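Dear colleague,

Please find the structure below, handed over for your files.

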There are 2 protein chains.
Amino acid sequence: MKVIDKIDKIREELDGKENVGLVPTMGYLHNGHLSLVEKALNENEIVVVSIFVNPAQFSPGEDFEEYPRDMKRDKEILTDMEVDYIFNPDVEEMYEEGYNTYVEVEELSDPLCGVSRPCFFRGITTVVSKLFNIIQPDRAYFGLKDYQQYVIVNRMVNDLNFSVEIKGVPIVREEDGLAMSSRNRYLNKKEREAATILYRSLNKGKKLIEQGERDAEKIEDIMINMIKEEELARIDYVKVVNPDNLQTIETINNKVLMAEAVFIGETRLVDNMIIDSKKG
Amino acid sequence: MKVIDKIDKIREELDGKENVGLVPTMGYLHNGHLSLVEKALNENEIVVVSIFVNPAQFSPGEDFEEYPRDMKRDKEILTDMEVDYIFNPDVEEMYEEGYNTYVEVEELSDPLCGVSRPCFFRGITTVVSKLFNIIQPDRAYFGLKDYQQYVIVNRMVNDLNFSVEIKGVPIVREEDGLAMSSRNRYLNKKEREAATILYRSLNKGKKLIEQGERDAEKIEDIMINMIKEEELARIDYVKVVNPDNLQTIETINNKVLMAEAVFIGETRLVDNMIIDSKKG
């Protein structure tokens, strides 16, 4: 495995290579990431894992500086998995002085996480565009935990005619249901216990739909009230929406996305679940 | 020569082809375009000329509907020149329902043409990104008549890491100095005569610099007053700026870009000239 930190160098390495898979990450790898890498290894001849904590997707006051990093451990894990390349540029390599270009997906970036994190998706679509142009992968792998990101990246790839196939990979959870996230390390013991409220409330919503409830707002309210009972939790949003366009729905009559962002103490966690009410 | 109107089809045609040059146009070709095509033919094995009147770069009330089109003539010209492909998609092929992604170069898009045409450059950078992803050219050719566009496209290519070389091609002028433009056809006989004021005023600015004038605002004022004497002309802007970042300058001590946009009757024309004061 090679670790490469320069754009020109990774381009040179990949020149003429076919069947390339890209797994874009911010590092501090957990089993969620590893399931993406696993899938990429199964489906491609060459696998590139990018590790880049992307400042453009953090707003002022967010945790860019404190975001957990452990390159040594990440490198060991990816070496063991027989990944071909880690692409690990520094901020100046990706955003040189005078940088001024942004890729934005309108409408889809507005609701859900877009409300409290207005620059977030613009930062993601910009860095993903850059990575696609640098690596020119045939396939790129994204976790479905960030479902809105997955929808937005798909829209972008379609709209801008990138020739890359986007693969969404299911959420990987801890034994108690907490979705894996690099930010889980911020949680102290009490918060770690409280954090299961995200998955539990999603399961509550799921059960309601399975029992025949079709009123989206009613489901949201029940989930919201359940989360409010958890002392350490503070809701950013809890929404039941159309998974294709992320628009609110009144009556559930097909697939729905239940998505939520909840602060546990100071740590903002997201989780989601897709339910097909017809199969319920 | 093949004329292709579908994205999938042109991709299939170009698959595996190397040394591809792209000349993006809105059609209604004039000698300015042909100088781009000529250069592309000299420098590439395969030349694609795109002909697409891009709605995203027209603001409401501008001339998208009336913009001159003559596909039959364009096709004849490009066949004679032995171009390999015309890529001529319709609007629905490029912007399907639900389209929502835009590429924007900040700051550089704000001054000059950006003031009166706020969506213009966003429309250009978006469609050029799409064309780069569809055609994946090695080189792309842009006329220096739209100097701000040239600067912005270069910034975008650099920032988003497109692997395409941008080639700027000098302005081609009519015998009396009017810069060639598809919009010149809007001019009636009197307006056509009046339109030479753009080139004449630029030459006046050039002469002042050559004579040692270094006060940018003074040069602008003299050019503005000269244009105002032309009854049919109405100034959008006349600016003497830094050609790299398009910022206004006070004192000329190096290369400058003199750029102007002037309405002649209803028709908005642009022109520019770069002067190296050190060579003056």
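At 19% relative accessibility, Arg139(B) counts as buried (buried means under 20% relative accessible area, exposed over 50%, partly exposed in between, with a 1.4 Å probe and protein chains only). Its side chain meets that of Glu165(B) in a salt bridge of 3.8 Å, N to O, a salt bridge being a side-chain nitrogen of Lys or Arg within 4 Å of a carboxyl oxygen of Asp or Glu. Arg139(B) belongs to strand 6 of chain B and Glu165(B) to strand 7 (residues 165-169), so the pair ties together parts that are 26 residues apart in sequence. Glu165(B) is partly exposed, at 39%.

This is a predicted model, in which local features need pLDDT of at least 70 and side-chain atom pairs count only at pLDDT 80 or more, while totals for chains, interfaces and linings use all residues. Residues are numbered from 1 along each chain as its sequence is written, chains are lettered from A and ligands numbered from 1 in the order in which they are written, and side-chain values use heavy atoms, with hydrogens and water left out.

Over all chains, the structure holds 38 salt bridges. In chain A, a network of salt bridges links Lys39(A), Glu43(A), Arg139(A), Glu165(A) and Lys167(A). Another salt bridge joins Arg173(A) to Asp271(A), with the closest N and O atoms 2.8 Å apart. Arg173(A) lies in the loop between strand 7 (165-169) and helix 8 (189-194) of chain A, and Asp271(A) in strand 10 (residues 267-276) of chain A, so this pair ties together parts that are 98 residues apart in sequence. Asp271(A) is buried at 3% relative accessibility, whereas Arg173(A) is partly exposed at 22%.

Lys72(A) and Glu76(A) also form a salt bridge (3.3 Å, N to O). Both residues lie in helix 3 (residues 71-80) of chain A, 4 residues apart, about one turn of the helix. Lys72(A) is exposed at 62%, and Glu76(A) is partly exposed at 42%.

As to the arrangement of the chains, a rotation of 180° with 0.0 Å of shift along its axis superposes chain B on chain A, with an RMSD of 0.0 Å (least squares on the C-alpha atoms of residues with pLDDT of at least 70 in both copies). The two copies are therefore related as by a two-fold rotation axis. In chain B, the C-alpha nearest the axis is that of Val103(B), at 2.2 Å.

Yours sincerely

Technical notes: Helix = DSSP H or I, 4+ residues; strand = E, 2+ residues; numbered from the N terminus.
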